[in-house]
Amino acid sequence: MRYIAYIFALFAGVALSFEGAIYAELGKNIGKLETSFYNFFMGSIILGLLWIFFGKGKISHVVEAPKWTLLGGALGVVYLTAIVISVPFVGVGITMVAVILGQLLMSMVIEHYGWLGSKKAKINKEKIFAVISMVIALILVN
Amino acid sequence: MSIFMILFTLLGGITLSAQSAINGTFSRKAGTIETTFLTFLTGSMFLAILILFFGQGDIFAIFKAPVWQLSAVFLGVLFLLFNVFAVQKIGVIATSITVITGQLMIGVVIDHFGWFNSLIITLDMKRLLALLFMIIALYFIYKGNKRSHEEATE
């Protein structure tokens with residue numbers, strides 16, 4: 001069943017690419033920060049509806065959870081803002097490489113030490129090979 | 001200046017991984033839909049403040065924007081839902097690598113056809129090779145994750 005999670009993650013990446021390309025166009029119409037705001041605002045409405053009809057979890061966990069676990073939204077905004085600001089300075093190519101490198105390195109560290117409540121999983125040579133292959137792919141794409 | 005920008009962007013990637021990890025943790029108790037909802041809700045609150053102070057565009061132009069551009073929000077929702085779901089099952093690094101692979105693969109296709117007014121960059125040998133390395137990366141992360149998992153359960 002685990003491979004289903006991989007397929008979902010692959011689709012998440014596909015969605016992100018399409019989203020990025022389309023939002024670049026919307027950004028020209030209404031502004032970049034405004035586009036991000038539109039995304040988060042409309043997203044809240046859609047998810048609010050999804051939650052009302054299909055939510056099986058426990059939203060009240062918000063009040064009892066440690067406060068740092070609520071920072072997901074804020075971090076997403078840092079990510080978006082970083083991209084929006086840096087693309088005009090260094091171009092899309094370098095921006096994507098830098099973002100992805102940051103993502104890969106940080107994921108390895110987080111999982112190795114089991115930070116931020118994630119399951120602890122030691123770095124092994126397969127994972128290092130995977131990151132190296134990703135870096136080669138990134139250099140070839142640009 | 002541009003070195004500073006690159007470091008800043010690196011920080012962007014770091015926050016994205018931190019977000020995946022934090023959301024994964026929160027969703028174990030609160031549920032996938034609930035976590036995604038909360039992320040969008042708090043994100044829009046922060047952005048509302050940012051726009052008030054730094055917004056240079058025109059938010060009301062949304063009502064004049066073409067519908068196909070506005071429909072990208074459904075993709076944003078799918079991305080976060082799938083992401084939260086996958087982190088719970090396979091962990092942060094496997095999710096990151098798989099998401100990036102999906103992103104780059106379709107990115108190459110979008111460039112090739114020049115969809116959505118993007119620059120046309122045709123699929124050449126170099127980019128085909130890049131796709132191959134992405135598949136190799138996926139294979140290794142799957143292997144490596146399986147091994148960590150087996151070691152953990154032994």
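## A tour of the chain A and chain B model

Begin with α4 (72–90) and α6 (125–153) of chain B, each of which supplies at least two residues of the lining of the second largest pocket; helices (H or I, at least four residues) and strands (E, at least two) are DSSP runs, numbered from the N terminus. This is a predicted model, in which local features need pLDDT of at least 70 and side-chain atom pairs count only at pLDDT 80 or more, while totals for chains, interfaces and linings use all residues. Residues are numbered from 1 along each chain as its sequence is written, and side-chain values use heavy atoms, without hydrogens and water.

The volume of the second largest pocket is about 230 Å³. Of its 14 lining residues, select Lys119(A), Lys120(A), Ala121(A), Asn145(B) and His149(B), the closest to the pocket centre. On a 1 Å grid over the protein atoms alone, a pocket is an open set of points with protein on both sides within 12 Å along at least five of seven lines, a cavity is a set where a 1.4 Å probe fits but cannot get out, and lining residues have an atom within 4 Å of a point. Grid points are joined across faces, edges and corners, and a volume is the space filled by probe spheres set on the points.

Next, display the interface. Here 107 residues of chain B are in contact (heavy atoms within 4.5 Å) with 101 residues of chain A. The two chains bury about 9,700 Å² between them, 78% of it on carbon and sulfur atoms; buried area is the accessible area (1.4 Å probe) lost on putting two parts together, summed over both.

Select Glu126(A) and Arg147(B), whose side chains meet in a salt bridge at 3.2 Å, N to O. The term denotes a side-chain nitrogen of Lys or Arg within 4 Å of a carboxyl oxygen of Asp or Glu. The count between chain B and chain A is one salt bridge. Within chain A, Lys28(A) forms a salt bridge with Glu25(A), with the closest N and O atoms 2.8 Å apart. These two residues are separated by about one helical turn, because they lie three residues apart in helix α1 (residues 2–30) of chain A.

Turn then to the cavities. The largest cavity holds about 90 Å³ of space. Its lining includes Glu111(A), Lys119(A), Arg28(B) and Gln88(B), and α1(B) gives the largest share, four residues.

Finally, inspect the second largest cavity, with a volume of about 70 Å³. Among its lining residues are Leu16(A), Gln103(A), Leu16(B) and Gln103(B). α5(B) gives the most to this lining, with four residues.

Key. Chains are lettered from A and ligands numbered from 1 in the order in which they are written.
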